[in-house]
Every structure is written in structure tokens, then in C-alpha cells.
Amino acid sequence: MRPLRTLTALLFLLVLVYGGLGANSLWGKGAMTPGLALDLEGGTQLILTPSAEGAQISDTQIKEAIRIMRQRVNASGVSEAEISSQGGTNIVVQLPGNPSQETIDLVQSAAQLRFRAVLTEAGPGQIDPAALQEQQDQSDGATSGDQGSSGDQASSGQDATGGSGDEASAAPSGGTVAGAHARAPEDDPSAEGTDAPPAEGDEDGEQPTDTPSEQPQGYTQEEIEEAAKQAADTDGDGTLSDTPATDPTSPSDTAWITEQVMYDFYLLDCTDPANLSGGGGDDPEQPLVACSQEGDAKYILGPTELEGTDVASANSALATNEQGTVTNQYVVQLNFTSAGGEKFKEVTQRLATLVSSGQNRFAIVLDQLVISAPSVDNVIAGGQAEISAPPTAPFTQDQTIALANQLNYGSLPITFDLRSQEEISATLGTEQLERGILAGLIGLGLVVIYSVAQYRGLAIVTLLSLVVAGALTYGSITALSELIGYRLSLAGVAGLIIAIGITADSFIVYFERMRDEVREGRRLEDAVELGWSRARRTILASDAVNLLAAVVLYTLAVGGVRGFAFTLGLTTVIDVIVVMMFTHPMVQALVRTKFFGDGHRFSGLDPVHLGSTVPIYRGRGRVRTGESIAERRRAAELAAAQAAAERDEGGSADGDDPPGSADGDDPPGSADGSALSSTGRKGDR
Amino acid sequence: MASFAKFGNDLYSGRRSYDIVGKRRVYFIAGLVIMVLCGLLLGFRGLNPGIDFRGGSEFTVSNTQTLDQSLAQTALDEVVSDQVARVSSVGSSTVRVQTESLTEEQTAQLSELLAEAYGTTPEDVTSSFVGPTWGQDVTGKAVQGLVIFLVLVSVVMTLYFRRWTMAAGALIALLHDMVITAGVYALVGFEITPATVIGFLTILGYSLYDTVVVFDKVRENTDGVTEQTRFTYAEGANLAVNQTLVRSINTSVVAVLPVASILFVGAFLLGAGTLRDIALVLFIGMLVGTFSSIFIATPMQVALYHRNPVIKEHNEKVLTLRERRISEAEAEGLPAASVATGAAGLRAGSHRGQQAQPRRRPKSKR
């Protein structure tokens, strides 16, 4: 009964694994094959080591670096890029296929944190030629109130004058930073609610044309470009000038907005994820057209005023009001270095004078994306600032932590050293996989052949156990590749093949123990149980050592070692499951069959073959040897049959038969014992 | 294989026995000599580091028309002088060329030349760059993992076997395996790649697996060894080694077979690569590991355990008693073997008849 129950449980486990996989692939987007790692699928693997001058890089910074890389890679259209940190110090970037050099450079380039003055802000979409047309038809002073009332954050020029109420209401739609404003800790809270700036300058008239936040429908890219060019070309000479009309007097001077910048700004489509990839390379001396991180607004920004290195630290905290009590508002506290604090003071001095024009905002730009664009109402001296959200749309803790992390990350100029770059062509990967599978099959075949030679009939148990182990392993790897994104690498395949041998070793340990018990002269059923109870300890101890090795390797290792350690650990666990739930119950069940239970010559459990010729004590110190258990059993069975036949005839059994062996079911050991005791009793008499 | 089963039977019953533990000095000296030789080889010849440890540029030319390796050298000579290209074929139509670090210009130039030489398009030539520290990183982590693993495993084994000598014996055997495997690498000059390091680490687990199997039997055989006087601890341990000999051979053969198949496929069909590198180091390591679990681990454990005063005392007791019995038996004209049964002497079902009876001392000795 028991072996069957265990086998049923195993069957249930298998059905569960494959049923889950099947269901996932039928109704979900799962696959029935495990995901393949780069070296089998082909692709490029970069291993980067982040380094910062004279500073330790923390885990959060590595995470932030990975986030930025992922943002860049995903936006550049590479699908299924895998970026992970390994061993705590390296970042492994795996790009499928054969990515362009630009993508590779993009991943590697350092992310810069810069503070720039906001010159103008607009909704994320491209210029709408229809609106432009409309705009030209109407007077320049169009109110475009309908756009403002749409609740969209789209706002530029006059429309943006909706003020802080407008911005704050837009904040929940993803603009965690748009509505933020900065103030000094000791600052007057009345600073809140300043208007967003209408951009000033020559372009003023054209700006409303940019208001639509949605992608203009029904226009080709050429038409949009034409419209943008028309709108940007303010002096109407048909060319886009790249030089400021007048020399900009300060970084907040709208003279920075040249025709070219305006054109770029009109064309920039922040709703397109490709434009949210970030990437370095912005010129700190030049104005910048940038999207917000969420892609819900775009900005024209002045030249860089502070670099990331000017930031000493940033952290998320609960705000303290003027009375010194802690409120429940989350803010980001920003500490500048002494030099940075000076610069920041100058910037805020200037910005504070621009409150009337609404141009009192600066943008914190990380990796060419605006992560926060707070407004400034007062001069902030002392090198400390606080970024807070308006009370109508307060920051959540996660938002402030994310912003603080980004600021901290930007404060350290982390560069990435390329440690290795490996390209594997897809064909080579496929070939490696095929050959690996071939090697596995050859290995399996050899193990089975050797098993047959050594264990005869028991080899069928080995084969079936290996098949079950294989099925379980394949199922778990596929499931794990679905659940935790495990990818089978070539080293993993090697681990799986090697596991064939190590799994089969457990069976050998068990079979040999069983044979030892048979050699001791035990009955087969007893040998199976006793051998198992002893082998189990050995198998568990050995597997524990293997598992320990796998876990240690996995936690500490980098690169391919991990994949290998993972399969090693997995197969060790599966080995234990298979031995406990399949091999042993199977042997238990088989030993009840005639072929195995009677110790057939080819069963691998033949007592004669195993030399279990137990001497039989004939009494008075004489020992009769040479007769095997099997022979005696057969003789005993024969005798029993004869006895039964004779009993039918009313006769009695032959007196020469040892009394104990008359019973065919008696175990050989006890048969000896009873033979011994009966002769002993004879001696006593 | 009947003879093999017979061999196992004889080993089990003690009819045939190899005095492995008794001759432990021989094995220790042999092991030590080999280890010293390997150490010298490592010290003077050193290992042959792969590109991951040296750093350099690597070109993979796929869809080649030919696998002629000299073409790559010719191409390299055109770009830079005095460099030796390491060329190996990977798979059936791919050639891998490794050079020292090249500039970007040189890389582009060599890529074109290689494409030309092997009759493929430049798109089929991929170049990659490996920093010299990447491999060291892997190794550094590996060494760190190794140390932690060894500490943990000593604790686990000490707890499991309740004898620190078992953990020590296993670790010494492990050290033996590692040094010899590394020595073979130094001797033959196989290239060390991260895959080799992976394989090397697996030997640890495997070598211990084998040792744990033997030690489990040793523990079983010597359980309560001090409560009887038929055999010494060393004899019980030796019987365990003999009894598990067939098992050790079988497990090793079965474990080595898949490794050998990877090695075969890797070396003849795939050429250089992860599979071959892992398999090669495992192949060597497993063979050495089997040897050490039989000839080093248990004898070493016995040697260490003999320092225990209880065992020392028991040994003397057993040996004196045995001598006395033998001399008594000889005096009676009985064969010495009939009284000195040893560890495997008693078997279920056997009976020693009168021999088991207490003997009267001869009158002269009374």
C-alpha cells in the first residue's frame, strides 16, 4: 500500500508541475520550454563595474544605476534585455541579438545629474499643425481655455498661467515633481502657489500652438516638421538659426531659446517611450530640451547651473513646520556641498526675483530627463533645501524616497568600466545546445548500460528514476524560468548532464546497501527496508553537502558560476525527491513481484550471485555450506508442496527436513535460526 | 560482470581484503609526493590563464568556409607584428581567434581581414573585448566561496559524524584532490577559463559525496568498537573501505560517464567552450576524488583518530588479547585464523561450533 501511495503523490506532483505549465502556456503567455540564456540563444553580454572616485558605491546606487540602464535600454527598443547586479559589485547587461554599438554605448555611458533653470514647459506631445493653423487664424492672444480646462497638464505660454492650482491638480496624473516647489526649511510657507511662468521673448506668440498634449492625429511626420519649422522660424528667413538672438544675460534668460531649440522643442514627443530613454551627452553650456521622467511634460531648460557633484546628500523625511513640529508631509531634504550651497544660493537669488514672471523654477535633470522641477520663492542660503509638494497633492513616501535615491545617485559621478564584452551568435548558441543535449543523451545511455551490467533488472529502476528526475528537472526549470526569470545557460546544461551521474550515484548507494543486506543473508523484503533505512542517511548526508556547495556558490558567484550552481542545487533537491518518492517505493513494489522477489538470476538481487551462501549448522560443530538461500528456498517450497501433497494423502513430511524450513515463507535468516535452535534443543536432549 | 559481483561479495565478507588502512603510510607518502610535485609544477610552470584572465580581444568568425587555423595568424600578422593568435574551432563552422588587446582601429582591420580569410561577410565576425580583471573577479569570488564552503562543510560533517576527525580527513582528501587537479592543469597546460573554475568548484561537492559514503560505512562498522575485542578501530575502518570499494567504483564510473560524454562531444564536435572546459576539469577531479576517498580520506581519519587515548588503549587491548588467543590456539594445534576473526569474522547464520566455547588452558600454563 505505502509504495503505491508515495508513487501516487509523486504522480500528483508531476501533474501539478506540468499542469501548471500547460495551463500557463494555454491561457497565459508562458512557454513549455525553459528560457535560454545568452550563450545558448545568442546575443551580447556586457559586464560593467561601476566605480566612483574615492567613494564606496552602495547597493541603492547600483540599483539606481540598473534602473537608469533599464530605462535607456527599454526605451531604445531592445526587448528582453536583462540587467542585473551580480556578486554585489558588477552589473551584467545581457542584450539579445546583435545590438548596435549605439545601444552598447548607451548602456555604458554615465548618468549625469544637473540643475538647470526652467525656461518654459509644455505638454508632452508634438506640435499640432491643425492647432497651429487655428492659431494663425485667430489672434495671438487666444485664451485657449478649453485646453486648460481639459485638466491635462499640457500647459505652456499663456496657458500655463493657470498657476499652481493647475499644476497641483496635474500632479496625481504622474507629475510627482511638476507641482513640487522648493523652499528653505526656515522659509515662509506663503511661498506656495506661485504661477508657472509664461515664457517670454519673441516666441511668445507661437507658443500656444504647442499646447495640445495629445499626439496630433492625421498628420504625417513631414507635415508636423513643416509646421514646427514654420512656428520656430520666428524671423521668417526660412532657416533655423542656432545662435541666440541676443546675448543671454543669465541662465534664465529666454534668449537661450534659439530657433533651433524651439524647433527641437516643438518636435519632441514625450509620449513616445523612445524619447524617455535618457542617455548622457547633453552639453552643460547649452540649453536643453528635455522630457519629464514620466513623459507627461517637456521643458526647455537653460544651461547647467549646478552639477550632481554639488549635492552632498539627499534623503526622504517628514517635513517640519515653523513651530518645529513634524507634519505628516513627506519632503526630500537636499544638502549641498559648501561650494554647491553657494552656487545654489546665487541661483535661488536670481530665481526668486523671477516670481512675477513665473520663471522661478529650476529643473533637476538626471540622465537628460527632468526628475523634478520645483519652483523657488525665496533665496535659499546655507546649503540646505527641501523639496515639497503642494498640500493638494502631497508626496507619498515612495515618491520622496525615489527622488532622494536619484539625487544621491547623481551626486556621485559613477562611471562604468567595461570588464568584458561577449558576443555569441545565435547559430553558435543553438549548436552548443544541440551538442549539449547530444552529450546528455550519450551520458544517459552509458549510465544505463553500466547499470544493466552491474544491477541487471534493477537497471530498469535506474532508468525510470532518471526519466522521472529528468521530467521533474525540466518542469522545474521551465517553471522557474516563468516565475523568477531563470535562464538556462550552457554551464547550466553542463550541470544538468553531470547531475545524471550524481543522481544515479544515489541509486547505486541504495542498491549496494540492499545487496549488503542480502549478503548478510536477509530476506529480500527485509533487505529492501533495512538497506533503505541505512542508504537514506548516507544519501541525505551526501546530498546535504552537495546542496551546501551549490548554495554557497550561488550566493557568492558571478557570471556563469551562478547558472551552474543553480542547476546543481536544483538537481540535488530533485535527486532527494526522486530517491525518496520514486526509487524506493518502486523497489518496494518490484520486490513483491515474482521476478525480483524470488531473486531471479537477472533481477540483480539474486542471492546466489551475491554470494549469500549461508552455512547451515548441522549440529555438534559441523557446518554444512554450499547451499544458497535461493536453493534452500526452492527446496523448502518443494518440500512444503510435497508435505501438502502427502498431508492430503494422510502422510507426514519427511523427517530429514529441518523443521523450520518446512514453511516456504520463512525468511532464510530465521530459517537458519530455527534450524539452529532446533538442533540446539536436540543437543540438549 | 559476474566476477565483479563476486569481487564485491568477497570484499564484503572479508574473504578478500585490501589492507588500505594498515598501509596508510604508503598512501600518505605517495599522496604527499604527488602533491608536492603538483605544488612545484604550479609554482614553476604555473597555470595557463585563458583570455578571461589575461585580457585581450577575441574574434568569433562564424559561417566559415574553412577551419584552417593558420589563416588567422596570417591575418593577425598583417595588423600587428609579434603577436601570436590563439585560434580554436568552436562548433562546426566557427573559428575563435584570441589576441592580445588591440586598439579599435586594429580590431576593425583584423575583423575585415578575418572575414576575407575565412570567406565570410564582416557581419559574421564579432569581436569582443575582455578586461584582464574579469577572470580574477570570478576567481576571487570562487576562492571566497571555497573558504566559506569549507568552513560550513567542516561544521556539518563534524555534527553529522560526531567526530571532528572525519571532517578533517575529508578536508585533507579534498585538499589533495584540488592540488592534484591544479597540478595536472599546470603539467598539461590546459587553459584556465571561468568554466574551469566552475568545474573545479564542483569537484569539491563530488569528492565529498564519495567520502561521505565511505565514512558512513566506517561509522556503522566501528559503532561501539570499544565494547568488543575482536577487531581494532583501524580494522573496522579498513573493512568499511573494502566493503564500499565496489560502491565507490560504481558511483565513480557512473558519475564519470556523463562527464566523459560531455568531454567527448565537447572535444570532438564542439571544440573549445564552456562544456569542454567544465568536463575536462571534472573528469580529472573525479578520478582523483575517487582515489582520495578510498586511499586518503579514511586512512587519514584513522590516523587522526588513533591519537585518541581511548582508541589507543583499545587497540592495545585487542592486540594483546588476540596474541594470547593465537598463542593458545597454536598451543592446541588449531590454525591461528580460527581465533583471530577480525572485523568481518562474524556473519549471520554462521556458527563456530566448539571454537566458540571457552578453552581450557593447557595444564602447563595453568
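Helices (H or I, at least four residues) and strands (E, at least two) are DSSP runs, numbered from the N terminus. Two residues are in contact if their C-beta atoms, placed from the backbone, lie within 7 Å.

This is a predicted model, in which local features need pLDDT of at least 70 and side-chain atom pairs count only at pLDDT 80 or more, while totals for chains, interfaces and linings use all residues. Residues are numbered from 1 along each chain as its sequence is written, and chains are lettered from A and ligands numbered from 1 in the order in which they are written.

Strands count as paired if DSSP finds at least two bridges between them.

Move on to S8 (residues 311-320) and S9 (residues 326-336) of chain A, an antiparallel pair with eight bridges. A:Val311 is placed opposite A:Phe336 in S9(A). The two strands form a hairpin with five residues between them, and A:Gly324 in the turn has a positive phi of about 85°.

**The nonpolar cores**

Now colour the largest nonpolar core, which has 141 residues; A:Ala494, A:Ile497, A:Tyr510, B:Val259, B:Ile262, B:Ile278 and B:Ala279 have the most contacts inside it. Such a core is a set of buried Ala, Val, Leu, Ile, Met, Phe, Trp, Tyr and Cys residues joined through C-beta atoms within 7 Å. A residue is buried if 20 or more other C-beta atoms lie within 10 Å of its own, exposed if 12 or fewer, and partly exposed in between, with C-beta atoms placed from the backbone.

Which helix gives the largest share of this core? Helix H14 (residues 490-519) of chain A does, with 18 residues. Centre the view on A:Tyr510: beyond its neighbours within four places in sequence, A:Tyr510 is in contact with A:Gly531, A:Trp532, A:Ala535, A:Ile539, A:Val579 and A:Thr583. Another core, of 79 residues, lies apart from the largest one and includes A:Leu95, A:Leu113, A:Ile127 and A:Ile371.

**A threonine in helix H16**

Select A:Thr571 in helix H16 (residues 560-590) of chain A. Is A:Thr571 buried or exposed? With 27 other C-beta atoms within 10 Å, A:Thr571 is buried. A:Thr473 is 98 residues away from A:Thr571 in sequence, yet the two are 6.7 Å apart, C-alpha to C-alpha. Leaving aside neighbours within four places in sequence, the contacts of A:Thr571 include A:Thr473, A:Gly495 and A:Leu496.

**Helices and a loop in chain B**

Turn to chain B, which has 12 helices and six strands; 50% of its 366 residues count as buried. B:Arg162 is in the loop between helix H6 (134-161) and H7 of chain B. The phi of B:Arg162 is positive, about 60°, although this residue is not a glycine. B:Arg162 is exposed because 9 other C-beta atoms lie within 10 Å.

Select H8 (residues 194-221) of chain B next. Its 28 residues reach 42 Å from first C-alpha to last, close to the 40 Å expected at 1.5 Å a residue; the expected span is 1.5 Å times one less than the number of residues. Of the 28 residues of H8(B), 26 are buried, so this helix is largely enclosed by the rest of the structure.

**Confidence in chain A**

The average for chain A is 71, and 71% of the residues score at least 70. Confidence in this chain is lowest in helix H7 (residues 163-170), at a mean of 32, and highest in helix H13 (residues 459-483), at 88. Treat two stretches of chain A separately: pLDDT stays under 50 over residues 139-216 and over residues 651-685.

Conventions: pLDDT is the predictor's confidence in each residue, from 0 to 100.
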